[in-house]
Amino acid sequence: MTVESTAARTQRRSAASGKAGASRGRTAAKKSAKGADPVTAEPELVQLLTPEGQRVSNPEYDAYVADITADELRGLYRDMVLTRRFDAEATALQRQGELGLWASLLGQEAAQIGSGRALHDDDYVFPTYREHGVAWCRGVDPTNLLGMFRGVNHGGWDPNTNNFHLYTIVIGSQALHATGYAMGVAKDGAESAVIAYFGDGASSQGDVAEAFTFSAVYNAPVVFFCQNNQWAISEPTHRQTRVPLYQRAQGYGFPGVRVDGNDVLACLAVTKQALERAKRGEGPTLVEAFTYRMGAHTTSDDPTRYRGDEERAAWEAKDPIARLRAYLLAETDTNEGFFEELETESEALGRRVREAVRAMPEPDKFAMFEHTYADGHALVDEERAQFAAYQASFSEGEGA
C-alpha cells in the first residue's frame, strides 16, 4: 500500500477545489448570461389604471380606450357593482339552502366586465362556471344562472340568442369547443371571433393544450382568456407552471399578453386588440388576466385552510371597483348622486334575484335519470329504484 503524504493530499485537494470553483463559476456565468430565473422574474403587465385610480399611458393600448366617454365609464362601473351585488346575493342564497352550490367571482369583476364589453354581438362566448359578469354583458338574466345552481334547469338560456354558451363544469373542455367553433367561423367566412374563458387551474389540462395546438395550426379566430386568480382551488399558480401563464402561447406560435385583471380599462383594451387581431385572420391570442379570487373557490371550499389574511388584504387594496370609483371622482363629472342611485338599483337587483329564486320549484330529484338513453336502460332503471328507496327511507323515519 502506498502511503500519501500530508503535503500531497493537501495539494490534490486544493486542485480539486479549484476545479469545482471554476465549474461553479461557469455555471453562474451561464445563469447570468441567460438572464433572471423565469420563476422569479417579474413579467410585463398591461395597466391603464393604477390601484389608486390614476390613469397611466400605454402606447400600444391607449388607442383602444381613447374615445371612451364618461357615460361609458360609469356604465363599466355600474356593470361591476351590479355583478358583485348579484354574486353576493347568490352566495347568501346558497348559505340559506336555496342553491346547491355557487362559484363566486368576487374580485374578478374587472376581468369579466372589461373583456365582456369588448365583444360585439356576433362574437361567441364559451364560459366556464364563474363568468357571471360576462353573462351579464351578454344579456343573460341572472336568475337563469341561479336556476342551474338550484337544479331546476340545465342552463336556462338559449346559447344562440345571446351567443353565450351554457356554463361548462368540465375543466378546460370549453377551450376545445371554442377552437372548433372558431374554425367553423373561419370556414364560413364570418367576420366574428370567439372567446374562451378558463382559469389558471384549467391551463394545466390537456384539453387546453390541444386547443392551443389546433387553433394555432388552423389559424382560428379565437381569444383564450385565462383569469389567473392565483389559486386552482387550493393549489397556487407556482405549483403549476415554471413561467408566467401568458408565455405558454410562445410555444404554440401565437402571442400572449398579461393584463392587470383588476383594471377594467386595460382588460377592455387588451381584449379589443385580441379580437380585432382574430378578425383580421391573424389567429389566436392568449390573454392572462392577472387577478385574485377574493372568496372561496366555491361555497364548498374554505380558503382559510390554505392562504393567509395578509395575502387577501394585499389584493383588497387593488380592488377593481374602488379604483374606477376613484378615477370617476377625480377625472369626470361624476358626483355622489350617481353612486347613491346605483346603490338603490343594486339593492333592488338583490331583492329581485332573492324573490325569483325562492319562487322557483323544488328541484326534481328524479330528473337526473331521464333523457340519459333514448330507449331506457336496465342499469338506469335499477339506479332509479335504489334512489327511490333511499328517498322513501326519510319519510319512513319521520313517521316513526
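1. Two rings of Phe, Tyr or Trp, the six-membered ring being taken for Trp, are counted as an aromatic pair if their centres lie within 6.5 Å. In this predicted model, the count by that rule comes to 29 aromatic pairs.

2. One of these pairs is formed by Phe149 and Tyr167, whose ring centres are 6.5 Å apart. Their planes meet at 70°, and planes over 60 degrees apart count as edge-to-face, so the pair is assigned to that class. Phe149 belongs to helix H5 (residues 142-150), whereas Tyr167 is in the loop between helix H6 (159-162) and helix H7 (173-188). The pair thus links distant parts of the chain, 18 residues apart. Both Phe149 and Tyr167 are buried.

3. Phe366 and Phe387 form an edge-to-face pair as well, with 5.4 Å from centre to centre and 75° between the planes. Phe366 lies in the loop between helix H12 (336-358) and helix H13 (378-399), and Phe387 lies in helix H13, so the pair ties together parts that are 21 residues apart in sequence.

4. Two contacts between a charge and a ring deserve mention. Lys318 lies over the face of Trp315, at 4.2 Å from the ring centre. The charged end of Arg325 sits over the ring of Phe339, and its distance from the centre of that ring is 4.0 Å.

5. The largest cavity has a volume of about 30 Å³. Its lining consists of Phe198, Ser203, Phe212, Cys226, Leu245, Arg248 and Leu286. By class, five of the lining residues are nonpolar, one is polar and one is charged.

6. The second largest pocket holds about 300 Å³ of space. Its lining comprises 21 residues, and Tyr129, Gly199, Gly201, Ala202 and His297 are those nearest the centre of the pocket. At least two residues of this lining come from each of strand E2 (194-199) and strand E4 (231-232). The lining of the second largest pocket divides into eight nonpolar, 10 polar and three charged residues.

Notes: Residues are numbered from 1 along each chain as its sequence is written. This is a predicted model: local features need pLDDT of at least 70, side-chain atom pairs count only at pLDDT 80 or more; totals for chains, interfaces and linings use all residues. Side-chain values use heavy atoms; hydrogens and water are left out. Rings of Phe, Tyr and Trp (its six-membered ring) pair if their centres lie within 6.5 Å; planes under 30 degrees apart count as stacked, over 60 as edge-to-face and the rest as tilted. Helices (H or I, at least four residues) and strands (E, at least two) are DSSP runs, numbered from the N terminus. Buried means under 20% relative accessible area, exposed over 50%, partly exposed in between (1.4 Å probe, protein chains only). A charge sits over a ring if NZ of Lys or CZ of Arg is within 6 Å of the ring centre and within 35 degrees of the ring normal. On a 1 Å grid over the protein atoms alone, a cavity is a set of points where a 1.4 Å probe fits but cannot get out, and a pocket is an open set with protein on both sides within 12 Å along at least five of seven lines; lining residues have an atom within 4 Å of a point. Grid points are joined across faces, edges and corners, and a volume is the space filled by probe spheres set on the points. Ala, Val, Leu, Ile, Met, Phe, Trp, Tyr, Cys and Pro count as nonpolar, Asp, Glu, Lys and Arg as charged, and the others, Gly among them, as polar.
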